[in-house]
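Here's a quick briefing to read alongside the sequence and the 3D view. Have a look at both, then work through the points below.

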Amino acid sequence: MTGPVLTGQDALVLGAGLHEVCPASYLDTPAALAFQIGMLGHGLAEQDKLRPVIWVRPAGQRAHDFGRPYPLALARWGLEPERVLLVEARDASDVLWAMEEGLNAGALVIGEIGASQRYDLTASRRLHRSAQAAKARVLVLRGHQDIQPSAALTRWRLSALPSPDRPWRGATGLPGLGAPRFCAVLERVRGGPPKNFEIEWKNAAFHVLEPAKMARRTAQSAPQFDRLAV
């Protein structure tokens, strides 16, 4: 039996439980991390926004080594740095243990697990159950390679898109950087089909970009050409 199919902004509101984010390629990992941060707090209830956030990552893993979380960047993506406790674990087993303990303590959790074989159906089911019991979200960053099944409610695959030009142009005539945009493919969702979204981070929130409907487009008359005098 399937549940309702969510569209538009509703599809970006995550329920309590386990959710996965995968980069489309290795170089899309920073985009996937940004999406992971933004989605952690997207649509949260006010009381849940006061929860601490535990960020767990393996120490020295090169597969996703784009540096540690940067406080100013966290604030840019809607996550107050003072709420974040960074945990650098020895290996994948310790990453899983720290994420589960964080959920048991009532925190929201971000985890980087990569392509580890330790993260299997059993381990993901434990995380999902702990998150549901705590009524919290846990977002796990996986690798861009082929991945094994898990107990996650949703799985997103992220790639970066070109940002739109800003209307304002500087002294050199070049436009400034526009709002970050992503292609977010909802590969797996319980009770619904896969779906593609083009989303934009603007005004401290994600927005689904939808093409204008035909009825809303302004009708244009056929172009008129002046006759040349002979």
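At the start of helix 4, which backbone nitrogen does a side-chain oxygen of D120 reach? That would be the backbone nitrogen of T122, with the side-chain oxygen of D120 coming to within 3.3 Å. Keep in mind that this is a predicted model.

**Helix 4**

- Helix 4 covers residues 121-134, and its 14 residues should span 20 Å at 1.5 Å a residue.
- The buried residues here are A123, S124, L127, H128, S130, A131 and A134. Looking down the axis of helix 4, you'd find these buried residues within an arc of 165°, so they line one face of the helix.
- Over on the other side of helix 4, T122, R129 and A133 are exposed.
- As for what covers the buried residues of helix 4, that includes strand 1 (17-23), helix 3 (92-104) and strand 5 (137-142).
- Helix 4 lies across strand 1 and strand 5, and runs at about 125° to strand 1.
- Just after helix 4 comes K135, which takes a positive phi of about 55°.

- Nine strands make up an open sheet with mixed pairing, in the order 3-2-4-5-1-6-7-8-9. At the edges sit strand 3 (84-89) and strand 9 (205-208), each pairing on one side only.
- From one strand to the next, the twist averages 25°.
- Strands of a sheet pair through backbone hydrogen bonds, and they can do it parallel or antiparallel.
- Strand 1 and strand 5 run parallel, joined by five bridges. In this pair, G17 stands opposite R137 of strand 5.
- Strand 4 and strand 5 also pair in the parallel sense, over five bridges. Here the bridge partner of I110 is L139 in strand 5.
- Strand 6 and strand 7 (residues 181-189) go the antiparallel way, over eight bridges. R155 has R188 in strand 7 as its bridge partner.
- Helix 1 (residues 29-41) lies across several strands, including strand 1, strand 5 and strand 9, and runs at about 175° to strand 5.

**Strand 5 and R137**

- Strand 5 is mostly covered, with six of its six residues buried.
- In a regular strand, side chains alternate between the two faces of the sheet. Both faces of strand 5 are covered: R137, L139 and L141 are buried on one side, and V138, V140 and R142 are buried on the other.
- R137 lies in strand 5. With a relative accessible area of 4%, R137 falls under the 20% cut-off and therefore counts as buried.
- What does the side chain of R137 reach at 2.8 Å? It's the backbone oxygen of L14. A polar atom of the R137 side chain also lies 3.1 Å from the backbone oxygen of M39.
- R137 and G15 are 122 residues apart along the chain, but their C-alpha atoms are separated by 7.0 Å.

**T154 in strand 6**

- T154 belongs to strand 6 (residues 154-161). Its relative accessibility is 9%, so T154 counts as buried.
- The side chains of T154 and W156 are joined by a polar contact of 3.2 Å.
- Leaving out residues up to four places away in sequence, T154 touches L14, L18, H19, E20, L186, R188 and V189.

Conventions. Residues are numbered from 1 along each chain as its sequence is written. This is a predicted model: local features need pLDDT of at least 70, side-chain atom pairs count only at pLDDT 80 or more; totals for chains, interfaces and linings use all residues. Side-chain values use heavy atoms; hydrogens and water are left out. Helices (H or I, at least four residues) and strands (E, at least two) are DSSP runs, numbered from the N terminus. The expected span of a helix is 1.5 Å times one less than its number of residues. Buried means under 20% relative accessible area, exposed over 50%, partly exposed in between (1.4 Å probe, protein chains only). The arc is that of the directions from the helix axis to the C-beta atoms. Contact means heavy atoms within 4.5 Å. A polar contact is a pair of N or O atoms within 3.5 Å; within protein, one must be able to donate a hydrogen and the other to accept it, and residues adjacent in sequence count only if both atoms are side-chain atoms. Two strands pair if DSSP finds at least two bridges between them. Axes are lines fitted to C-alpha atoms, for helices over the stretch in contact, and angles run from 0 to 180 degrees between N-to-C directions.
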